[in-house]
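Colleague: I'm new to this one, and I'd like to learn how to read it. Could you walk me through it, feature by feature?

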Amino acid sequence: MADVANILVVDDERGIREGCRRILTAEGFSVDVAGNGEEGWDLVRAKKSYDLLLVDLMMPVMGGLELMDHVNQFDPEVIMIVITGFATIETAVEAMKHGAYDYVPKPFTPDQLLAVVKRGLEKRRLRIQAQRLMEERDQKLLEVAKEESKLHTIVTSMADGILVFNLERQIVLWNPAASKMLN
């Protein structure tokens, strides 16, 4: 995730879109808006780098759940937060099944919105950091395996060889059996 989080707000209510944009840009986030799921999907495919999406469930053309399914297939690391005026336990559960991280019922205050967005971005940051650390660990394990292989070769050769130091005090391995084979 970059220093400035990229957020997409997808809602058919202009007031919600613009309100979210003002609140989030005031906090230093980069914010794009879309009036329905299809416009949002076009932006996701074009930009390819959103950290978080705020998605309304009930929109014309393409609804929020359908958009979330598309985004999950395209980039499963994006954090998606549902914002809706139809807040029920059933819609919340359904949204979670489609990949929502959290759920904010309308109307909401700027503080409520910022709290859930910041939690979502922190989750994304931690997920990316964990993935990076696992990749580093795997790389280190490969390096250790290579070193163990080299060490095994040296130890195996030691049984038949003599340990010799050169003038620079570097260890040189001499294998008398190998030199007999060469003669």
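**Reading the fold step by step**

Modeller: Let's start with the order of elements: from the N terminus on, the protein chain runs β-α-β-α-β-α-β-α-β-α-β-β-α. That gives six helices and seven strands. Helices (H or I, at least four residues) and strands (E, at least two) are DSSP runs, numbered from the N terminus. This is a predicted model, in which local features need pLDDT of at least 70 and side-chain atom pairs count only at pLDDT 80 or more, while totals for chains, interfaces and linings use all residues. Residues are numbered from 1 along each chain as its sequence is written, and side-chain values use heavy atoms, with hydrogens and water left out.

Colleague: How many of the residues of strand E1 are buried?

Modeller: Buried means under 20% relative accessible area, exposed over 50%, and partly exposed in between (1.4 Å probe, protein chains only). In E1, residues 6-10, five of the five residues are buried, so the strand is largely enclosed by the rest of the structure. Asn6, Leu8 and Val10 point one way, with Ile7 and Val9 pointing the other way. For the protein chain, 34% of the 183 residues count as buried.

Colleague: And which strands does E1 pair with?

Modeller: Two strands pair if DSSP finds at least two bridges between them. E1 runs parallel to E2 (residues 30-34), joined by five bridges. Here Asn6 has Ser30 as its bridge partner, and Val9 stands opposite Val33. E1 also pairs with E3 (residues 52-56), again in the parallel sense, over four bridges.

Colleague: What unit do E1, helix H1 and E2 make?

Modeller: A crossover is right-handed if, with the strands pointing away from the viewer, the path from the first strand over the helix to the second runs clockwise. E1, H1 (residues 14-26) and E2 make a right-handed β-α-β unit.

Colleague: How do I check the span of H1?

Modeller: The expected span of a helix is 1.5 Å times one less than its number of residues. H1 has 13 residues and should span 18 Å; its end C-alpha atoms are 18 Å apart, which agrees. Its buried residues include Ile16, Cys20 and Leu24. Just after H1, Gly28 takes a positive phi of about 95 degrees.

Colleague: Is Lys106 buried or exposed?

Modeller: Lys106 is buried, at a relative accessible area of 15%. You'll find Lys106 in the loop between strand E5 (100-105) and helix H5 (110-158). Contact means heavy atoms within 4.5 Å. Leaving aside neighbours within four places in sequence, Lys106 is in contact with several residues, among them Asp11, Ile16, Asp56 and Thr84. A polar contact is a pair of N or O atoms within 3.5 Å; within protein, one must be able to donate a hydrogen and the other to accept it, and residues adjacent in sequence count only if both atoms are side-chain atoms. The side chains of Lys106 and Glu13 make one, at 2.9 Å.

Colleague: How many aromatic pairs does the structure hold?

Modeller: Rings of Phe, Tyr and Trp (its six-membered ring) pair if their centres lie within 6.5 Å; planes under 30 degrees apart count as stacked, over 60 as edge-to-face and the rest as tilted. The structure holds one such pair. Trp41 and Phe74 are edge-to-face, 5.6 Å centre to centre with 85 degrees between the planes. Trp41 lies in helix H2 (residues 37-47) and Phe74 in helix H3 (residues 64-74), so the pair ties together parts that are 33 residues apart in sequence. Trp41 is buried at 14% relative accessibility, whereas Phe74 is partly exposed at 35%.
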